Amino acid sequence: MATDEKNKVKSITLVLTHRCNLHCTYCYEKNKDSTVMSYETAISIIDRELTLDDGIDRVEIDFFGGEPLLEFDTIRRVVETVRTRDYKKSFIFFITTNGVPLDEERKKWFEKNTDILQMGLSLDGTREMHNINRSNSYDLIDIDFFKRVYPEQGVKMTISNATLNTLAEGVLHCQKLGFDVSCNLAYGIDWTSKENETVYMRELKKLVDHYLAHPDEKPCALLDINRLKGVTSSSKTSLRHCGAGWAMKSYDCDGTFYPCQHFLPLSIGKEKAIDSLKIDFANQAVNIDLFNQECKTCIMKNVCPTCYGENYSATGNINTRDMSLCKMFKIQFKALAYFAGEMFCKGLLDNMDKSQLALILKGAMEINNKIII
Amino acid sequence: MFNLNDDCLGRITSFLENTPICEHEISALYCMDCSNQCAENCAYNCHKKNDKK
């Protein structure tokens, strides 16, 4: 837990359907079927979550899938019902979508409901990159709709083995379209090869050079230097990297809840998913003594964006990290340290709060001096 | 690649020697706004703040 303030927000995910209209190359949901969540189940979960006396002030309700827009009728009924009810907790609905199942009628409805429902688009870079990863769907998306109706939402760009080679081009393409870009390497892929590491360094260097030359542009999330703040932390509270099993709940179609969407039967199979319900996240997720040996002493242990779900899927233990991304994370943080240092020395961080800047630079120095790539 | 040069390292060291760091700040994850969200979607979730209800 970070602070008391942080404890007041909760994120719940409602998996409306296991179905998807695309077949993305890196999708971690390997057990798709035709199961859907009923309106009654959805509304009963939301009613319960928004009336629970649990100290939470605000609930973010994510419609998830599969592709959630395949269950548009349920979304519309739920949102219109919830709008008429009076809850003490504030809330917002959010949908992560591939953007394809949207006709004009649906677009109009979404546009009318932006006050309580926001959408984020998965867009994997240039047309070519997106089509490689996401079933040739680039030209089926009304990108202008997302830019116009949800200007504050970035796009989620996932990098696969096949698109790493043009990562920088893809990021800059999405930024040119007018979006903030949150990009990440796909989980569940074996990234451990010298070739991947070399290409990743080259692409990150292109991005760093671009942002240094264009300081007015907001860097993509991969190069958000705030990530360096946690490097020097010795606090155990910073060892928790997400809200799985704690401030997040993921409800499957039948109403059963799991620590997050990575623990669903849809993702890891029924047997493993049921076993995951026994995990004591409150104690295990922040206990460094339970880390695997290599990670216990790693300088990046506080900032490594490990995914408990991927760890569990790959190793059967939330704390035994899936090491397939380890070297790539180190390369990313090495690039971040370089980027932060160069920006500081070029005077591009002069307007930043000095205490915050010191945290960033302290982390940058640690990474620069101790991570060898 | 990505190694800071000596001049830059010197300037950073000098800055850090003259700037106190508030220990309270060092509980931060890489994103202070959504540390209880999904790490994979960290920056993405930051944008959800504009709830009107």
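Me: How much of chain B is buried?
Reply: Of the 53 residues in chain B, 57% are buried, meaning under 20% relative accessible area with a 1.4 Å probe and protein chains only, while exposed means over 50%. This is a predicted model, where local features need pLDDT of at least 70 and side-chain atom pairs count only at pLDDT 80 or more, but totals for chains, interfaces and linings use all residues. Residues are numbered from 1 along each chain as its sequence is written, chains are lettered from A and ligands numbered from 1 in the order written, and side-chain values use heavy atoms, without hydrogens and water.

Me: How many helices and strands in chain B?
Reply: Chain B has two helices and zero strands; these are DSSP runs, helices (H or I) of at least four residues and strands (E) of at least two, numbered from the N terminus.

Me: Which residues of its helix 1 are buried?
Reply: C8(B), L9(B), I12(B) and F15(B) are buried in helix 1 of chain B.

Me: Why are they on the same side?
Reply: Because they cover an arc of only 125° around the axis of helix 1 of chain B, taken from the directions from the helix axis to the C-beta atoms. On the other side, D6(B), D7(B) and E17(B) are exposed.

Me: What covers the buried ones?
Reply: The cover includes helix 13 (326–345) and helix 14 (354–370) of chain A, with contact meaning heavy atoms within 4.5 Å.

Me: New topic. What sits at the start of helix 1 of chain B?
Reply: A side-chain oxygen of N5(B) comes within 3.2 Å of the backbone nitrogen of D7(B).

Terms used: Polar contact = N/O pair within 3.5 Å; in protein donor to acceptor, adjacent residues only side chain to side chain.
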